[in-house]
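These are my notebook entries on a single model. I set down what I looked up, entry by entry.

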Amino acid sequence: MNSIINSSITHSISYQEYRNLVVQYAAEGKTSGNTQTEDYINYTKLNESRMHRLDKTLQVIDEVKEYIENLQKPYTWLVLAETWCGDAAQVIPVINKMASVSDKIDLRILLRDDNEALMNLFLTNGTKSIPKLIMLDKETNEVIADFGPRPKGAKQLIIDYKATHGMVDETAKIELQKWYLADKGISIQKEIVALMK
């Protein structure tokens, strides 16, 4: 596990580099990952506008800000994502805002399909669900916790929808985006901080 994590950190990119990639792919009509479809290209375009808005409007709540400002040890936050992923577009800007509160958090991002060995260590119910935040002790690269692909409330929304309708369709995705909009990143912040305590 350690060699996979160490290698992954070496190949990771910063949040700004990831944002630049989303912007570039959206402008060029491309998407990241192994699946190159019209839908995924459109999701990348949609995610660029979502992330742009969130980068401008998101706030770290006071209790989370205070906790992060008082961190005693350094962390590496390694996130697996793809530019087409709707949850990643909602979650990663929140993670970035949290990381920017303290120089004790080094946020690094990796594309899932280029880092299969790492992804396979952090499956969700046997699936390669993203985004996946892997929290590491920066000095030892020991795994402290992981979070993702979505906060509990959003997870429950999808579980309930699937139970009622038998699948996750476009309507479910719209409901999920509405949930994220109403939540304003607060659940993500609280759940991540709870994992650090």
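**Conventions.** I worked on a predicted model, in which local features need pLDDT of at least 70, side-chain atom pairs count only at pLDDT 80 or more, and totals for chains, interfaces and linings use all residues. I number residues from 1 along each chain as its sequence is written, and side-chain values use heavy atoms, with hydrogens and water left out.

**Terms for open space.** I searched a 1 Å grid over the protein atoms alone, where a pocket is an open set of points that a 1.4 Å probe fits, with protein on both sides within 12 Å along at least five of seven lines; a cavity is a set from which the probe cannot get out, and lining residues have an atom within 4 Å of a point. Grid points are joined across faces, edges and corners, and a volume is the space filled by probe spheres set on the points. Helices (H or I, at least four residues) and strands (E, at least two) are DSSP runs, numbered from the N terminus.

**Largest pocket.** I found a volume of about 850 Å³ for the largest pocket. Its lining comprises 28 residues, with Asp-87, Arg-150, Val-168, Lys-173 and Leu-176 nearest the centre. Two or more lining residues come from each of helix H3 (38-57), helix H5 (86-99), helix H7 (152-165) and helix H8 (170-183). I sorted this lining into 12 nonpolar, seven polar and nine charged residues. For this count, Ala, Val, Leu, Ile, Met, Phe, Trp, Tyr, Cys and Pro are nonpolar, Asp, Glu, Lys and Arg are charged, and the others, Gly among them, are polar.

**Second largest pocket.** I recorded about 210 Å³ of space in the second largest pocket. It is lined by 15 residues, and Leu-54, Leu-58, Leu-181, Lys-184 and Gly-185 are the closest to its centre. H3, H5, H8 and helix H9 (186-196) each give two or more residues to this lining. By class, I noted eight nonpolar, five polar and two charged residues here.

**Helix H3.** I next checked the span of H3, which has 20 residues and reaches 29 Å from first C-alpha to last, close to the 28 Å expected at 1.5 Å a residue. The expected span is 1.5 Å times one less than the number of residues. I list Ile-41, Thr-44, Asn-47, Glu-48, Arg-50, Met-51 and Leu-54 as buried in H3. Buried means under 20% relative accessible area, exposed over 50%, and partly exposed in between (1.4 Å probe, protein chains only). The buried residues of H3 pack against helix H2 (15-28), H5 and H8. Ser-49 also belongs to helix H3; I class Ser-49 as partly exposed because its relative accessible area is 42%.

**Nonpolar core.** I define a nonpolar core as a set of buried Ala, Val, Leu, Ile, Met, Phe, Trp, Tyr and Cys residues joined through side-chain atoms within 4.5 Å. The largest one has 56 residues, and Trp-77 and Ile-192 have the most contacts inside it. H5 gives the most to this core, with eight residues. Neighbours within four places in sequence aside, I found Ile-192 in contact (heavy atoms within 4.5 Å) with Trp-77, Ile-95, Met-98, Leu-133, Met-135 and Phe-147.

Glu-191 is in helix H9 and counts as buried because its relative accessible area is 17%. Ser-102 sits in the loop between H5 and strand E2 (105-111), and I call Ser-102 buried because its relative accessible area is 10%. Not counting residues up to four places away in sequence, Ser-102 touches Ile-68 and Leu-71.

**Backbone geometry.** I noted a cis peptide bond between Ile-130 and Pro-131, with omega about 5°; Pro-131 lies in the loop between helix H6 (116-121) and strand E3 (132-137). The bond from Gly-148 to Pro-149 is cis, with omega near 5°, and Pro-149 is in the loop between strand E4 (143-147) and H7. Asn-125, not a glycine, has a positive phi of about 50°; Asn-125 is in the loop between H6 and E3 and is exposed, at 78% relative accessible area. Lys-184, in the loop between H8 and H9, has a positive phi near 55° and counts as exposed at 55% relative accessibility.
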